[in-house]
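This note is written for a colleague who is meeting the structure below for the first time.

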Amino acid sequence: MRDVQIDCRDGMEAIHRQLAEALEFPDWYGENLDALYDCLTDLGEPVCLTVREPQLLPALERVLEDAAGENPLLEVWMSQ
């Protein structure tokens, strides 16, 4: 299982870069929430994603939870 941690205090640009690099997203990844959802639901290996300070970015939190509900290989933990 691949473990990935992101911190919402870093801002959305940094989060998109971190996730794209850590999860090896395809070149077409557009660094937006729709593309993030698509990439997370297409993951073919187990991933545990820990999100720090999720309350700072509620839209991101929603996308991550929706993607985890769609892809059984994705586990998302929200941490304060």
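Does T50 count as buried or exposed, and what is its relative accessibility?

1. Basis of the note. The model is predicted: local features need pLDDT of at least 70 and side-chain atom pairs count only at pLDDT 80 or more, whereas totals for chains, interfaces and linings use all residues. Residues are numbered from 1 along each chain as its sequence is written, and side-chain values use heavy atoms, with hydrogens and water left out.

2. Residue T50. With a relative accessibility of 16%, T50 counts as buried; the term buried means under 20% relative accessible area, exposed means over 50%, and partly exposed lies in between (1.4 Å probe, protein chains only). T50 is found in strand β2. Helices (H or I, at least four residues) and strands (E, at least two) are DSSP runs, numbered from the N terminus. If residues up to four places away in sequence are not counted, T50 touches V4, Q5, I6, W77 and S79, where contact means heavy atoms within 4.5 Å. From T50 to I6 the C-alpha distance is 6.4 Å, although the two are 44 residues apart in sequence.

3. Strand β2. The strand that holds T50 spans residues 47-52, and five of its six residues are buried, so β2 is largely enclosed by the rest of the structure.

4. The sheet. Three strands make up an open sheet with parallel pairing, in the order β1-β2-β3. Two strands pair if DSSP finds at least two bridges between them. The edge strands, β1 and β3, each pair on one side only. On average, and with direction ignored, neighbouring strands of this sheet are turned by 20 degrees against each other.

5. Bridges within the sheet. Strand β1 (residues 2-7) pairs with β2 in the parallel sense over six bridges, and V4 has L49 of β2 as its bridge partner. Six bridges also join β2 to the parallel strand β3 (residues 74-79). Here R52 has S79 of β3 as its bridge partner, while V51 stands opposite M78 in β3.

6. Helix α1. Which residues of α1 are buried? They are A14, I15, H16, L19 and A20, and these buried residues pack against β1, α2, β2 and α3. Just after α1, E24 takes a positive phi of about 55 degrees.

7. G30 has its place in the loop between α1 and α2. Its relative accessibility of 42% means that G30 counts as partly exposed. The C-alpha atoms of G30 and A14 are separated by 13 Å, the two residues being 16 apart along the chain.

8. Helices α2 and α3. At what angle do helix α2 (residues 33-41) and helix α3 (residues 58-70) pack? The angle is about 25 degrees, and the axes are 9 Å apart; axes are lines fitted to C-alpha atoms, for helices over the stretch in contact, and angles run from 0 to 180 degrees between N-to-C directions. The two helices α2 and α3 are therefore roughly parallel to each other, a description used for angles under 35 degrees, with over 145 being roughly antiparallel, 65 to 115 roughly perpendicular and the rest oblique.

9. Residues between α2 and α3. On the α2 side the contact is made by L33, L36, Y37, L40 and T41, and on the α3 side by A59, L60, V63, L64, D66, A67 and E70. By class, this contact has nine nonpolar, one polar and two charged residues. Ala, Val, Leu, Ile, Met, Phe, Trp, Tyr, Cys and Pro count as nonpolar, Asp, Glu, Lys and Arg as charged, and the others, Gly among them, as polar.

10. Residue D38. Helix α2 also holds D38, which counts as partly exposed at 35% relative accessibility. D38 and A67 are 29 residues apart in sequence, with 8.0 Å between their C-alpha atoms.
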